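Me: I would like to check the labels on this model against their cut-offs. Please take them one at a time.

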Amino acid sequence: MNRVDRLGVRDGMKEIGEQHISEPGLVVLDITAADEDTLRLVVAQLEGRWATSGPALVRRVPGRAGVTSRVYADIGRTGAEDG
(Lines give C-alpha, C1' and ligand atoms only; values in the text may rest on other atoms or scores of the structure.)
Protein backbone atom coordinates (compact mmCIF):
# COMPACT_ATOMS: atom_id res chain seq x y z
CA MET A 1 0.00 0.00 0.00
CA ASN A 2 1.23 3.50 -0.77
CA ARG A 3 2.25 5.73 2.09
CA VAL A 4 1.95 9.49 1.81
CA ASP A 5 5.68 10.03 2.50
CA ARG A 6 6.75 7.77 -0.38
CA LEU A 7 6.35 8.03 -4.15
CA GLY A 8 2.67 7.55 -4.80
CA VAL A 9 -0.33 9.30 -3.36
CA ARG A 10 1.45 12.60 -2.76
CA ASP A 11 2.74 12.60 -6.35
CA GLY A 12 -0.69 12.28 -7.93
CA MET A 13 -0.86 8.50 -8.25
CA LYS A 14 -3.97 6.94 -6.81
CA GLU A 15 -3.94 4.71 -3.78
CA ILE A 16 -3.50 1.02 -4.67
CA GLY A 17 -6.91 -0.49 -3.91
CA GLU A 18 -7.85 -4.04 -3.04
CA GLN A 19 -9.39 -4.51 -6.50
CA HIS A 20 -5.94 -4.05 -8.08
CA ILE A 21 -4.48 -7.03 -6.22
CA SER A 22 -7.62 -8.99 -5.35
CA GLU A 23 -6.35 -12.33 -6.65
CA PRO A 24 -3.07 -14.14 -7.29
CA GLY A 25 -1.33 -12.95 -10.45
CA LEU A 26 -2.50 -9.33 -10.30
CA VAL A 27 0.31 -6.82 -9.75
CA VAL A 28 0.82 -3.06 -9.66
CA LEU A 29 4.17 -1.84 -10.98
CA ASP A 30 5.51 1.66 -10.33
CA ILE A 31 8.31 2.17 -12.85
CA THR A 32 10.93 4.92 -12.78
CA ALA A 33 13.29 5.49 -15.71
CA ALA A 34 15.78 8.11 -16.83
CA ASP A 35 13.60 9.28 -19.73
CA GLU A 36 10.24 8.76 -21.44
CA ASP A 37 11.66 6.64 -24.27
CA THR A 38 13.14 4.15 -21.81
CA LEU A 39 9.94 4.06 -19.79
CA ARG A 40 7.79 3.45 -22.87
CA LEU A 41 10.13 0.67 -24.03
CA VAL A 42 9.82 -1.08 -20.66
CA VAL A 43 6.02 -0.78 -20.71
CA ALA A 44 5.93 -2.15 -24.29
CA GLN A 45 8.04 -5.14 -23.20
CA LEU A 46 5.66 -5.81 -20.30
CA GLU A 47 2.66 -5.57 -22.67
CA GLY A 48 4.25 -8.21 -24.90
CA ARG A 49 4.62 -10.60 -22.00
CA TRP A 50 1.53 -10.05 -19.82
CA ALA A 51 -1.94 -8.54 -20.03
CA THR A 52 -1.49 -4.95 -18.81
CA SER A 53 -3.45 -1.74 -18.37
CA GLY A 54 -1.78 -0.48 -21.54
CA PRO A 55 0.28 2.63 -22.23
CA ALA A 56 0.69 4.44 -18.97
CA LEU A 57 0.57 8.13 -18.16
CA VAL A 58 4.13 9.42 -17.67
CA ARG A 59 4.69 11.65 -14.65
CA ARG A 60 7.53 14.00 -13.80
CA VAL A 61 7.93 14.80 -10.12
CA PRO A 62 9.66 18.13 -9.41
CA GLY A 63 12.91 17.57 -7.56
CA ARG A 64 13.18 13.90 -8.53
CA ALA A 65 15.27 12.43 -11.30
CA GLY A 66 13.64 10.71 -14.25
CA VAL A 67 10.04 9.91 -15.07
CA THR A 68 7.57 7.58 -13.39
CA SER A 69 4.56 5.55 -14.48
CA ARG A 70 2.21 2.95 -13.02
CA VAL A 71 1.14 -0.21 -14.83
CA TYR A 72 -1.40 -2.79 -13.71
CA ALA A 73 -0.74 -6.32 -14.95
CA ASP A 74 -2.17 -9.80 -14.82
CA ILE A 75 0.83 -12.14 -15.00
CA GLY A 76 -1.51 -15.11 -15.46
CA ARG A 77 -2.59 -13.88 -18.90
CA THR A 78 -0.27 -13.47 -21.85
CA GLY A 79 0.27 -10.20 -23.65
CA ALA A 80 -0.36 -9.06 -27.19
CA GLU A 81 2.64 -10.78 -28.81
CA ASP A 82 1.59 -14.21 -27.57
CA GLY A 83 -1.80 -13.68 -29.23
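Me: What makes the pair of Leu57 and the side chain of Ser69 a polar contact?
Reply: The backbone oxygen of Leu57 lies 3.0 Å from a polar side-chain atom of Ser69. A polar contact is a pair of N or O atoms within 3.5 Å; within protein, one must be able to donate a hydrogen and the other to accept it, and residues adjacent in sequence count only if both atoms are side-chain atoms. The model is predicted: local features need pLDDT of at least 70, side-chain atom pairs count only at pLDDT 80 or more, and totals for chains, interfaces and linings use all residues. Residues are numbered from 1 along each chain as its sequence is written, and side-chain values use heavy atoms, leaving out hydrogens and water.

Me: Why is Ser69 called buried?
Reply: Its relative accessibility is 0%, so Ser69 counts as buried (under 20% relative accessible area, 1.4 Å probe, protein chains only). Ser69 sits in strand 3, residues 67-78 (strands are DSSP runs of E, at least two residues, numbered from the N terminus).

Me: What about Thr68: why is that residue buried?
Reply: Thr68 has 6% relative accessibility, so it counts as buried. Thr68 also lies in strand 3.

Me: How do you know that strand 1 and strand 3 pair?
Reply: Eight bridges join these antiparallel strands. Pairing takes at least two bridges found by DSSP. Thr32 stands opposite Thr68 of strand 3, and their side chains make a polar contact of 3.3 Å.

Me: Why do strands 1 and 2 stand at the edges?
Reply: The open, antiparallel sheet has three strands in the order 1-3-2. Strand 1 (26-33) and strand 2 (50-52) each have a single partner strand, so one side of each lacks a neighbour in the sheet.

How values were computed
Helices (H or I, at least four residues) and strands (E, at least two) are DSSP runs, numbered from the N terminus. Buried means under 20% relative accessible area, exposed over 50%, partly exposed in between (1.4 Å probe, protein chains only).
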